[in-house]
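Here's a quick walk through some pockets and a pair of helices. Have the structure open while you read.

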Amino acid sequence: MVRIQDIPEIRLHYPQEIAKRLASRAPGTLPKDGRKIMIIACDHAARGALGAGRDPMSMANRTELLERCVAALSRPGVDGFLGTADLVEDLTLLGALENKLVFGSMNRTGLQGATFEIDDRFGCYTPEAIAESNLDGGKTLTRICFEDPSTPRTLAATAQAINSLSIRKKIAMVEPFISRWKDGKIVNDLTPDAVIKSITIASALGETSAYTWLKLPCVSDMERVMESTTLPSLILGGEVSKDPENTLNSWAKAVALPNVCGLVIGRSLLFPPDGDVQTAVDNAVELL
């Protein structure tokens, strides 16, 4: 059994072991009992977004982050994981991704706080690597900023990713936002009309939408928001909430909608205010 402290030794002397473990990993499946999907997300650090709650460096300790991911993935009702290659590979070595759906994060180059943040080129997983690594699909962050000329590049790259994944019958999980620059920072517009507009733009990308899922924020008027698409949609968690009970209630209302297929939650469950990862995950799973 591999321990976290064993990973550097394996990476140094036996790097080929990673590909072997990925190839032999037991695959996950979609729930078939009417229950909706629960996926743990952890790709924030790759974009330099290390904060969770009040601590801007919460995710900086890789051992602690892996421990939290392992704890979350071990809970009943958790179906999968979303992350960049470094975390997917570490968790595969630890055996934490057995019988899980796994999605590889594809674009993390729009670094948090950078002047080029909206120029979110694809520098992580490729569709080819997702297939070779025995993953179930890829995830894209697709921020649409009408005032930034870099936006078409991100849209075109997202469309190409959708095309390449669909050829391999792999899911493209697209996370769209209408975004704007405010005081030198990128801010996502979370009004219902803006989310609807982002959905309609993202849904049309690519040569086919047969394998496209959406990853969407939980906002007000979600019933009207979800009327804008027939694509399978998962609700994202966003920042750590100061009011977890209110957040759970919002998620519960959203997952009750017919084309909301589950939750993709990261920091809200990995770094809950009380530090109890297992209880936070269990409470979210109960909604499904």
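Predicted model: local features only at pLDDT ≥ 70, side-chain atom pairs only at ≥ 80, totals over all residues.

Which elements each supply at least two residues of the lining of the largest pocket? They are the strands β4 (137–144), β5 (171–182), β6 (185–188) and β9 (260–265), plus the helix α9 (244–255). The space in this largest pocket comes to about 1,100 Å³. Its lining counts 40 residues, and F177, N188, G238, E239 and R267 are the closest to the centre. Sorted by class, that lining holds 16 nonpolar, 13 polar and 11 charged residues.

The second largest pocket has about 240 Å³ of space. Helix α9 gives the most, with 5 residues. Note that α9 also supplies at least two residues to the lining of the largest pocket.

Here are the two side by side:

| Pocket | Volume | Lining residues by class |
|---|---|---|
| Largest | about 1,100 Å³ | 16 nonpolar, 13 polar, 11 charged |

Now for the helix pair. Two packed helices are described by the angle between their axes and the distance between the axes. For α3 (residues 62–73) and α4 (residues 85–93), the axes come within 11 Å and cross at roughly 65°. The crossing of α3 past α4 is right-handed. On the α3 side, the residues involved are R62, L65, L66, C69, V70 and L73, and they meet D86, L87, D90 and L91 of α4. By class, this contact has 7 nonpolar and 3 charged residues, with no polar ones.

Helix α4 also contains E89. What does E89 touch, leaving out residues up to four places away in sequence? The answer is R11, I18 and L22. With R11 there's a polar contact between the two side chains, at 3.4 Å. As for I18, it sits 71 residues from E89 in sequence, yet their C-alpha atoms are 6.4 Å apart in space.

How values were computed. Residues numbered from 1 in each chain as written. Heavy atoms only, no water. Axes fitted to C-alpha atoms, helices over the stretch in contact; angles between N-to-C directions. Helix = DSSP H or I, 4+ residues; strand = E, 2+ residues; numbered from the N terminus. Left-handed = near helix turned anticlockwise from the far one by under 90°. Contact = heavy atoms within 4.5 Å. Nonpolar A, V, L, I, M, F, W, Y, C, P; charged D, E, K, R; others polar. 1 Å grid on protein atoms, 1.4 Å probe; cavity = no way out; pocket = protein on both sides within 12 Å on 5 of 7 lines; lining within 4 Å. Points joined across faces, edges and corners; volume = space filled by probe spheres on them. Polar contact = N/O pair within 3.5 Å; in protein donor to acceptor, adjacent residues only side chain to side chain.
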